[in-house]
Amino acid sequence: MIHELLLALSGYPGTIFTCNKRTGLQVSQDLPFLHPSETSVLNRLCKLGTDYIRFTEFIEQHTGHVHQQAHHGAQPSQSGLHGIYLRAFCTGLDSMLQPYRQALLDLEQEFLADPHLSISHVNYMLEQFQLLFPSVMVVVEYIKSQKIHGCQILETVYKHSCGGLPPVRMALEKILAVCHGVMYKQLAAWMLHGLLLDQSEEFFVKQGPSAGGGPPAPEEDDEDLGIGGLSGKQLRELQDLRLIEEENMLAPSLQQFSLRAEMLPSYIPARVAEKILFVGESVQMFENQNQNPSRSGSILKHQEDLFAAELHRLKQQPLFSLVDFENLIDGIRSTVAEHLWTLMVEEADLLGQLKIVKDFYLLGRGELFQVFIDQAQHMLKTPPTAVTEHDVNVAFQQSAHKVLLDDDNLLPLLHLTIDYQGKEPKEAAGSREGVTPPRDSSPREAPPSGWAALGLAYKVQWPLHILFTPAVLEKYNVMFRYLLSVRRVQSELQHCWALQMQRKHLKSNLSDTIKWRLRNHMAFLVDNLQYYLQVDVLESQFSQLLQQINSTRDFESIRLAHDHFLSNLLAQSFILLKPVFHCLNEILELCHSFCSLVSQNLGPLDERGTAQLDILVKGFSRQSSLLFKILSSVRNHQINSDLAQLLLRLDYNKYYTQAGGTLGSFGL
């Protein structure tokens, strides 16, 4: 019977010890030679045999043995469990069972040597597994019932290993070490070679954008706060200067990677996972798109073997050490970030590229765009056609020549675009070189004028495309259109002033007085807005960006500084604050209408012109009053210094305040 017992404990039941799926291994009933106490001891031992049989069945089902290879492809659909982490778990589980098998072999040898040994001796020799097997079975059953997958297995084993039973903790730590071996191999492929070896979606890094945040904010966020029409949502936009996510703008040709948060074990902090993501993305980009490897060298500075050896050393450790793990990740990340910094700043001339972006997207070359506005005014004041884009680019080239901007290497990289109705999205191919994609692929209304459809495309050279992504260039385009509209209005008001000077010797009437006073107030507001944008926002933020770039040798710091720079531009120019932005746009439209009225009526205004002027005066007074209320209200709440700075420009001598916050009215 002892040999029958040992065979049953090895997973081979017979006539004395029977097995069924519901109750497991049990002593057969009605055996006359067994005392009830012996039956109790044997059934207690049979529980070990039951757990062992279930362990081996689980291992055979999920490790794909040779005799199961033909069915292996269908296993995921049958059990819902598959993947290399599961196979690693089964390997660790199998190694945990080895002492149990050895104990059964030792018992067999002892019984052969001494046939008089009792069942109690078997119970004594296997007592160490009475605590271990049920605890590990809990882990196996949890994996099966919850369909735990990939790196989630690491989290499951880790949590169950944190108990107070030393044998259970040690066994699960050994299983966890085997599973970590898979993770280290994936880390080596990802961080050292840019390869994402993850066919079953088990790793905590994935290709494609992240799943995104939660559902949109509830409607009560839009409740009015009584601050000049400012809502709660808009107020948070004002306080939070982070970039608006525009992942839908990313060109499909750009491979994007993100973290799969549900697969990240809790003992690996998110900050470490972000570093792993950054390193792999950088290496992947460098390996796939490096056009001149002999010049740039290895992004890891030929230390791949050293880092691989360090990862292998960590893999051999019996316990996972976060300190050692993070130190190694930091070392790899520092090497990659410093090499990217050298590649960007020294070889690709990042500072020069930023100067180009500032000169053209942010209108740093003011004289160029002043000439361009004069050149293109007649062709962009009407709705665009199929030939408008060509004509505008010819005018842009002519303007560049007039201001002695004849850089043969720079001008071919710049191209003005016209996004008119019916235009085919041909930019898809160009987006691989960094050209700004169309703003919206959905059906849209025809733009009222060519100015509204104007954009600027810039072919970004490798490797700067990882900093100047299509989404980033589209944000620059938003700034470009806004700054150009302000510059255009300022130019038109200056032209009206020139017309006024030509007629100053002629006798004026009441309508002339109202007209020129309105022009003066409009110019006052627009000139101060232009000065605020160019000096307080653009120059200030750009000098801070250059200072931050020159004070580091880390690419991630550069990318973060550039993100903050662009975020601050959008926020401080009020593009993200809808009440102020809408109010400023209304003011600019009123200025356009006024300049058109003056240009079309050089002499005294007739009755119709006087009526139009009256409408413009009232509209400008209303919008300037609304702007003053918004700026004053937000300043009083001490929320945003940018609004206070603009109000300081507009009200530096309290003229705005003394006028009751209203400009353009005849009473002033």
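Trainee: Is Tyr-267 buried or exposed?
Mentor: Keep in mind that this is a predicted model. Tyr-267 counts as buried because its relative accessibility is 10%, and the cut-off for buried is under 20%.

Trainee: Which residue does Tyr-267 form an aromatic pair with?
Mentor: Its partner is Phe-320, in an edge-to-face pair. The ring centres are 5.2 Å apart, with 65 degrees between the planes.

Trainee: And where do Tyr-267 and Phe-320 sit in the chain?
Mentor: Tyr-267 is in the loop between strand S6 and helix H11, and Phe-320 is in the loop between helix H13 and helix H14. They are 53 residues apart, so the pair links distant parts of the chain. Phe-320 is partly exposed, at a relative accessible area of 23%.

Trainee: How many aromatic pairs are there?
Mentor: The count comes to 20. One of them joins Phe-203 and Phe-204, with ring centres 4.5 Å apart. Their planes are at 35 degrees, so this pair is tilted. Phe-203 is buried at 1% relative accessibility, and Phe-204 is buried at 0%.

Trainee: Which residues do ring pairs link into a cluster?
Mentor: Tyr-52, Phe-55, Tyr-100, Phe-129 and Phe-133.

Trainee: Changing topic: helices. At what angle do H5 and H9 pack?
Mentor: About 145 degrees, with the axes 8 Å apart. H5 covers residues 84–113 and H9 covers residues 166–193. The crossing is right-handed.

Trainee: Which residues make the contact?
Mentor: On H5 they include Tyr-85, Phe-89 and Met-96, and on H9 they include Ile-175, Cys-179 and Val-182. By class, the contact has 12 nonpolar residues, 3 polar ones and no charged ones.

Trainee: What covers the buried residues of H8?
Mentor: The cover includes H5, helix H7 and H9. The buried residues in H8 are Ile-153, Leu-154, Glu-155, Thr-156 and Val-157.

Trainee: Last one. How many residues of H15 are buried?
Mentor: 8 of its 11, which makes the helix mostly covered. Among the buried ones are Leu-350, Lys-358, Asp-359 and Phe-360.

Definitions and conventions
Residues are numbered from 1 along each chain as its sequence is written. This is a predicted model: local features need pLDDT of at least 70, side-chain atom pairs count only at pLDDT 80 or more; totals for chains, interfaces and linings use all residues. Side-chain values use heavy atoms; hydrogens and water are left out. Axes are lines fitted to C-alpha atoms, for helices over the stretch in contact, and angles run from 0 to 180 degrees between N-to-C directions. Helices (H or I, at least four residues) and strands (E, at least two) are DSSP runs, numbered from the N terminus. A crossing is left-handed if the near helix is turned anticlockwise from the far one by less than a right angle, and right-handed if clockwise. Contact means heavy atoms within 4.5 Å. Ala, Val, Leu, Ile, Met, Phe, Trp, Tyr, Cys and Pro count as nonpolar, Asp, Glu, Lys and Arg as charged, and the others, Gly among them, as polar. Buried means under 20% relative accessible area, exposed over 50%, partly exposed in between (1.4 Å probe, protein chains only). Rings of Phe, Tyr and Trp (its six-membered ring) pair if their centres lie within 6.5 Å; planes under 30 degrees apart count as stacked, over 60 as edge-to-face and the rest as tilted.
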